[in-house]
Amino acid sequence: MTNLYDEAYRQSIQDPETFWGNAAEDIHWYKKYEKVLDDSKKPMYRWFAGGELNTCYNALDVHIDRGRGDRVALIYDSPVTQTIKKYTYRDLRDEVAKFAGVLVEQGVVKGDRVVIYMPMIPEAAVAMLACARIGAIHSVVFGGFAAKELATRINDATPKVIVSASCGIEVTRVIKYKPLLDEAISLSAVKPEKCIIFQRPQEIAALTPGRDIDWAAAMTNAQPVDCVPVAATDPLYILYTSGTTGQPKGVVRDNGGHAVALKWTMKAIYDIDEDDVWWAASDVGWVVGHSYIVYAPLFKGCTSVFFEGKPVGTPDAGVFWRVISQHRVKCMFTAPTAYRAIKREDPKGLLVKDYDMSSFKILFLAGERSDPDTIQWSEKNLNVPVIDHWWQTETGWAIAANCMGLHHFPVKYGSPTKGVPGWDVQALDESCNQMAPGEIGALSVKLPLPPGTLTTLWQNDRRFVESYMEEYPGYYKTADAGYIDDEGYVYVMSRTDDIINVAGHRLSTGAMEEVLADHPEVAECAVLGVADNLKGQIPIGFLVLNAGVERSHDEIIREVVQMVRERIGPVAAFKKATVVKRLPKTRSGKILRGTIQKIADNQDYNVPATIDDPTTLGEMAEALSKIGLAKARQA
Ligand code: COA
Ligand code: AMP
């Protein structure tokens with residue numbers, strides 16, 4: 001018997017124009033599109049070409065115009081500042097319209113870029129939506145990145161204005177953002193004309209005369225401005241994500257496809273209606289924050305919880321349950337690592353019992369592989385379905401999921417279930433042939449991608465095509481390897497590039513290697529992601545020192561750890577490195593990463609036939625055991 005999922009899936013693949021054309025009826029258009037899908041410039045597909053809309057109108061004003069202005073749009077819940085503040089759709093629209101006025105006052109016009117470097121405060125969402133209101137392109141940079149990473153993004157996005165705050169608040173410390181911002185601007189070749197700084201009471205930053213503007217002062221005199229129609233195909237935002245080099249990829253999202261797809265997902269995937277309360281515990285610096293803290297729930301007209309805190313330590317491992325019960329949250333979405341952190345502190349889930357969890361219906365997990373232990377612990381202690389789903393910064397929304405608003409399939413641990421409508425997921429071999437069920441291949445998506453996915457990389461169509469479209473012609477390369485079983489369940493096993501996933505944060509080991517290689521006493525290096533009980537993976541550095549270096553290894557390791565912290569940021573969680581005499585390599589000089597990985601992860605390994613010198617593996621195991629890793633056996 002077919003179900004809603006099967007019907008939707010079939011239509012979305014066989015007749016995507018009708019499927020997405022229907023979904024587009026739910027969006028407010030100033031001018032209707034001429035075509036649902038323009039495929040005249042493959043592989044650069046364009047959705048809703050010729051249409052005009054405004055993303056901010058669809059997120060805020062539309063609800064007011066439909067009589068729902070008093071509905072709560074955002075609940076800012078900040079255990080780190082002991083604040084709870086609610087914004088109705090009208091409140092939020094008024095703030096956004098005024099801040100849009102501040103931007104206009106500073107000369108920001110449609111198409112200009114605005115970098116947003118802010119902690120999890122509602123003003124970050126206000127700034128994003130204000131950009132959307134006037135057709136400016138925002139680029140949010142996560143607060144845990146160092147000044148140099150921010151500088152790289154400033155250079156690429158060339159913003160007219162940067163919006164920032166005086167500080168962020170972590171569990172044990174206040175992080176001053178302003179000095180990081182100043183350093184980034186001094187490092188970057190491109191200088192913004194103005195910086196607008198939101199001063200938080202925990203830290204009042206000194207403003208740079210002539211360049212910096214105080215947020216509150218600017219808002220006092222600001223004139224609200226109205227929404228500007230933009231083309232469906234105009235960029236809404238750029239979000240930088242790790243690539244295989246130190247140069248991040250600027251993922252570009254459009255306005256039209258994004259609004260249509262995200263609004264549709266709220267019911268289809270997450271089973272959320274407009275009277276529900278929804279919570280994505282992430283950060284606006286990540287794609288989850290863009291899509292599911294800000295845009296999708298606001299398009300839907302429901303209430304979105306905006307949380308400034310951590311799963312543990314703010315103040316304890318019961319904070320998620322407190323938020324769920326206090327705000328009557330129906331569904332929440334976070335990364336498995338957050339639940340592993342809670343499980344570690346409260347293994348029996350005793351704190352759950354202190355709260356009324358009756359509103360809570362579904363937990364969604366994504367960002368990294370959901371380990372069966374974490375899923376089962378959550379199922380047992382929360383007594384709700386726990387749904388793993390798979391997606392990427394590039395895709396903007398889920399590729400594979402158990403679409404809870406369409407049909408609840410039985411969960412198979414280790415699988416994010418099936419391709420979401422719109423996603424023709426296939427496991428391919430090197431010649432682009434489909435693998436048999438159960439056999440591992442390159443997980444790829446047959447083109448066209450559905451709306452709301454990346455349209456290109458910022459000012460780099462070439463890199464877009466090379467990175468995603470060339471290796472498997474006619475397909476989008478996800479760079480994840482995995483398989484599909486005989487019932488269509490997708491299994492995501494590992495990345496095929498050097499990206500690792502640390503606490504749900506995507507990082508490039510290549511970028512870390514670039515930093516280590518810069519140390520004057522390091523001759524050669526490798527960084528690998530090894531399994532970690534809390535963060536999923538953590539990066540470990542292997543250093544080969546120049547001949548004749550006599551300084552203490554510990555000292556050099558401390559220096560490289562500090563270098564990664566300063567150049568990439570604390571978010572890299574690069575804390576461990578070890579000195580080795582040589583790196584295990586093939587005879588052609590390729591580092592045997594897979595084998596080192598196995599040794600570090602305590603898995604059985606074979607000595608590869610192509611190895612140059614097998615004794616290097618023993619040396620590697622010894623070095624790893626010195627830092628508490630590797631008891632590996634040769635198979
Ligand atoms: N601004 C400045 N610094 C930040 C930051 C921010 N917005 N976010 C994190 N950092 C810093 C942290 O303080 C930490 O610094 P430290 O090395 O001095 O301790 C470092 O970056 C690593 O942070 P994090 O990955 O958050 O690790 P943690 O040990 O502080 O916490 C978890 C571990 C599991 C609790 C945490 O990662 C978490 O809550 N994850 C939830 C998942 C999530 O949000 N995923 C995003 C994608 S969905
Ligand atoms: P990001 O771009 O930060 O969202 O990271 C995307 C990558 O995270 C994917 O390419 C996967 O490698 C990994 N990932 C995300 N969700 C899942 C999941 N549910 N299961 C396995 N891996 C996942």
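Start by selecting residues 5-59, which UniProt, in an unreviewed entry, lists as "domain: Acetyl-coenzyme A synthetase N-terminal". UniProt positions are given in the numbering used here, feature names are shortened, and annotations may be inferred rather than shown by experiment. This span is 44% helix and 11% strand, with its end C-alpha atoms 26 Å apart. Helices (H or I, at least four residues) and strands (E, at least two) are DSSP runs, numbered from the N terminus.

A word on what you are viewing: this is a predicted model, in which local features need pLDDT of at least 70 and side-chain atom pairs count only at pLDDT 80 or more, while totals for chains, interfaces and linings use all residues. Residues are numbered from 1 along each chain as its sequence is written, chains are lettered from A and ligands numbered from 1 in the order in which they are written, and side-chain values use heavy atoms, with hydrogens and water left out.

Now zoom in on proline 43, in the loop between strand E1 (37-38) and strand E2 (46-47).

Next, select residues 67-446, the span of the UniProt feature "domain: AMP-dependent synthetase/ligase" (unreviewed entry). Here the chain is 30% helix and 24% strand, and the end C-alpha atoms are 41 Å apart. Two loops are worth a stop. In the one between helix H9 (256-268) and strand E16 (277-280) you will find aspartate 271, which has a positive phi of about 55° although it is not a glycine. In the other, between strand E17 (303-307) and helix H11 (319-327), sits proline 315; the bond from threonine 314 to proline 315 is cis, with omega near 0°.

Move on to ligand 1. It is surrounded by 23 residues, the closest being Glu170, Lys310, Pro311, Arg565 and Lys575 (a residue is near a molecule if one of its heavy atoms lies within 4 Å of it). Show the polar contacts, pairs of N or O atoms within 3.5 Å. An N or O atom in the side chain of lysine 310 is 2.6 Å from an oxygen atom of ligand 1. Backbone atoms take part too: a polar one of glycine 144 is 3.4 Å from a nitrogen atom of ligand 1, and a polar one of valine 571 is 3.5 Å from an oxygen atom of ligand 1.

Then turn to ligand 2, with 14 residues around it; His389, Thr393, Asp480, Arg495 and Arg506 are the closest. Oxygen atoms of ligand 2 are the ones to click on here. One is 2.6 Å from an N or O atom in the side chain of threonine 393, and one is 2.9 Å from such an atom in glutamine 392. Aspartate 480 has a polar side-chain atom 2.6 Å from an oxygen atom of ligand 2.

Follow the chain to alanine 503, in the loop between strand E28 (499-502) and strand E29 (505-508). Its phi is near 50°, a positive value in a residue other than glycine.

For the last stop, select residues 512-590, listed by UniProt as "domain: AMP-binding enzyme C-terminal" (unreviewed entry). The chain over residues 512-590 is 27% helix and 32% strand, and the end C-alpha atoms are 18 Å apart.

How values were computed
Polar contact = N/O pair within 3.5 Å; in protein donor to acceptor, adjacent residues only side chain to side chain.
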